[in-house]
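Subject: Structure for you to look at

Hello,

Here is the structure I promised to pass on. Please open it first, then read my notes below.

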There are 2 protein chains.
Amino acid sequence: MELTSSVFDTEIMTVPGGHETIVRGGRHLFDRLPRALAGIERIGVLGWGSQGRAQARNLRDSLAGTGIAVEVGLRPGSSSEADARAHGFDVGDWLDVAGRSDLVLLLVADAALAAHHEEVFAALEPGAVIGLSHGFLLGHLEATGGRFPDGHAVVAVCPKGMGDSVRRLYEQGADTDGAGINASIAVHADPDGRATDVALGWSVALGAPYTFATTLRDEYLSDIVGERAILLGAVHGLVETLYRQFRIDGDDPVTAYERSCENVTGPIASAISDGGLTAVRDRTDPAAFDRAYAAAYGPARELVREIYDEVAAGTELRSVLLAEQRLAARPMSAIGGSEMWRHADAVHARRAAGAPPVDPLTAGFFVATMTAQVDEFAARGHAWSEIVNESVIEAVDSLLPFMHARDVAYMVDNCSRTARLGTRRWGPRFQAAYEQVALPAIGSTPDPSTVDAFLADPVHEALAAAAALRPKVDIALT
Amino acid sequence: MELTSSVFDTEIMTVPGGHETIVRGGRHLFDRLPRALAGIERIGVLGWGSQGRAQARNLRDSLAGTGIAVEVGLRPGSSSEADARAHGFDVGDWLDVAGRSDLVLLLVADAALAAHHEEVFAALEPGAVIGLSHGFLLGHLEATGGRFPDGHAVVAVCPKGMGDSVRRLYEQGADTDGAGINASIAVHADPDGRATDVALGWSVALGAPYTFATTLRDEYLSDIVGERAILLGAVHGLVETLYRQFRIDGDDPVTAYERSCENVTGPIASAISDGGLTAVRDRTDPAAFDRAYAAAYGPARELVREIYDEVAAGTELRSVLLAEQRLAARPMSAIGGSEMWRHADAVHARRAAGAPPVDPLTAGFFVATMTAQVDEFAARGHAWSEIVNESVIEAVDSLLPFMHARDVAYMVDNCSRTARLGTRRWGPRFQAAYEQVALPAIGSTPDPSTVDAFLADPVHEALAAAAALRPKVDIALT
């Protein structure tokens, strides 16, 4: 997609089969922020979840000295108020803050957004810009027959990482110019022509190394599908599968944990972050990797396709809304209860001895699932920047390091409710696909064309192009 | 619900909290069939799947000598034509048969019904009665904005067992009057007042020991939910879970299979068929059963509730339609591939030595899930006959014996596509609930109120009332 800006320099990024226009970020551009945000005197950040906290802090730091104020708006009685004040923010009622801000960032929980977006819309002052950080609200409006209010620009800036990483890598950016989390922007409504520069200014202020363009619908689809597949759901299903399989094959609990969960969040994520998808294969037994890859690619692709269909048709979001109604009466079930998680501390304690070797079965299944998501997104026409950021970079540079420091179940339960519900819905489906289809196929001779297609996949070129746009970051988190 | 008939005698059946009106069946009533089916000279059975084959044969045998003809209608090129002819039926093109029948039974596959119901409706002669054997078409019409044609009675007779059992127990009925599969009837449209007696005649002719009344919507809900839960989906998820757990705990494959799958389809199903739900507890260690029951009831109930919400809201059926579109291009994935199924023959070979003892963990999980479905259906206001037939009797007297003779995966893949897809969607969810919530809770002290509620559950009274309405049947199948 094309991007044009009168404030920031655009660059052509060569991707498989064409090019995209992107904007590189960096602290040296912060002096252009007042121009990009012309007309905006107050930014209201509604919500103090993972994204709200990170974005409010990054925006305040990046806009220091410009006179543009950042205020936090919370719902009455919010338990986050003390923390927001402890971080030095003015905190007001969210509708009041919405009513006095020129750029209103809707970073509240999806459920709150679903229930209260009309009140927020009604509170806006004329011409205020509506800002989103993912496409959920568009999906919700489509599912319920609602719409965005006329006369307001609607833009999205969507960091391709969790809020924790958005802040942490921004702080790294103080020493390493360009460190940060990439972001997509989408201009959904632009009544006065300012929207693209507002979105780019917001993205640069968050510390995005590079910003690429998408549509709100494409962002919605890739975001909701991605978290159900390789970002969260598939990871959970994969480690539950492989831990049990290794146990049945005779491993003690700690070894089984190291070969499954620890492998994915540790050496496999590092290898991909360092050298792309084929680097994982190079660090283990390639023949065993290939057998695992060939066995898992088909069922994983089938499942990503199903998830995509469900999200695109709106059934997935309607199911989330039904779940929200049930959750009003009872808490969400735990997913961290199974045997493996009781051994996390013992595994973590062994980390001082170095990372375990890459397990070829775990690596083959994981990379096959990641590539399945990449290929499905490409088949559905997503931009390559969106594909690699939503399928690979967000995983290895944001979510997996966080899971490595905590654990998968903890990570899942610190994401949005939409993501948590999606993981509960689809993680077990991936587990069943691995157990019932992929593992039984390991013994048969793999179809060489599946591995050949992996080695020739255009994703490698796209990942290399994206990697060239930012410095190496330190993904470790303790 | 009330039932009134000018042909058959109704009886009052006392159920928890009230009564239902039912009609008892039996061969001695076959001489009333011409009166019940007055005006019907030709019955067209569209489809030769499990239900079509069984119902066509039972109807022909029960109507022998009445002059009412039974003809089979198939789609052009149907691979079933030779088998239908080998069973001595006249076979015609399904639209031709629909056009010359006075009662048209739509027993084709759900996908065919979804795609072609309008053609069938258009082919009907004025006043022909539309007959269904489950509520799928109602759900489909609701999901797609369609409707039944005016001027036609729409009735459903829904045997609470698979077609194989409908035929097999009917044949037992030659020696044991009243053996058969219970059925519900629903009168959805009744332009001339004949519909109830037509439905009752059809049900008695199929050999239903007793017939109870429901609505097409209640039948649709309980049917689609039930097959996703205790009838198929939960069974599959349960045995996948427990087999692996027993393997991890040190059992060899054959023992693990016997303690999980073999236990459910063998001694647990027999115990319930013989003596109701508490009979299972009496045949094993009650304290261990209670711990398992208490651990599994909560997560199982939560999942049945979720399935019910999804079916009632229409999202489940929309997902099935999306899956049907994908299946046009590629086959359904296999679910019988995981390790346990490779040991089925070895387990079956040991049957001559007698059934294995009831495993208290397997029994507790299974009965908890069955009771969870019962309680959820009761909470949603279903009739007790529908609840116990759709949750207990259909399981232990039809599906589980079939699974015991074949295996669970074979059974699943011989059901309707809607059921097969549902099992693939929800079986893994049950597995995750057992693995992540129920198994970890086994170690903690159970809440005694959960077991107390089980022992006092009104289902026991309802099951006893239903059992009194038919003779003991021999559920064994080889």
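Start inside chain A. There, 22 residues of domain 1 are in contact with 24 residues of domain 2. Contact means heavy atoms within 4.5 Å. The domain assignment gives domain 1 as 11-210 and domain 2 as 224-467 in chain A; such bounds come from an automatic or database domain assignment.

A word on the basis. This is a predicted model, where local features need pLDDT of at least 70, side-chain atom pairs count only at pLDDT 80 or more, and totals for chains, interfaces and linings use all residues. Residues are numbered from 1 along each chain as its sequence is written, chains are lettered from A and ligands numbered from 1 in the order in which they are written, and side-chain values use heavy atoms, with hydrogens and water left out.

**Between the domains of chain A**

Domain 1 and domain 2 of chain A bury about 2000 Å² between them, and carbon and sulfur atoms carry 60% of it. Buried area is the accessible area (1.4 Å probe) that two parts lose on being put together, summed over both. A:Pro16, A:Lys160 and A:Met162 supply 32% of what domain 1 of chain A buries against domain 2 of chain A, more than any other three residues.

The two domains of chain A share one salt bridge. The term means a side-chain nitrogen of Lys or Arg within 4 Å of a carboxyl oxygen of Asp or Glu. A:Lys160 forms a salt bridge with A:Glu390, with the closest N and O atoms 2.5 Å apart.

**Between the chains**

Now turn to chain B and chain A. Here 33 residues of chain B are in contact with 33 residues of chain A. The area buried between these chains is about 3200 Å², with 52% from carbon and sulfur atoms. B:Ile248, B:Arg326 and B:Gln436 supply 21% of the area that chain B buries against chain A, more than any other three residues.

Ten salt bridges are counted between chain B and chain A. In one salt bridge, the side chains of B:Glu302 and A:Arg330 meet at 3.8 Å, N to O.

How does chain B superpose on chain A? A rotation of 180° with 0.0 Å of shift along its axis does it, with an RMSD of 0.1 Å. The same surface serves both copies, as 100% of the contact residues of chain B recur in chain A.

Best wishes

Methods: Copies are superposed by least squares on the C-alpha atoms of residues with pLDDT of at least 70 in both.
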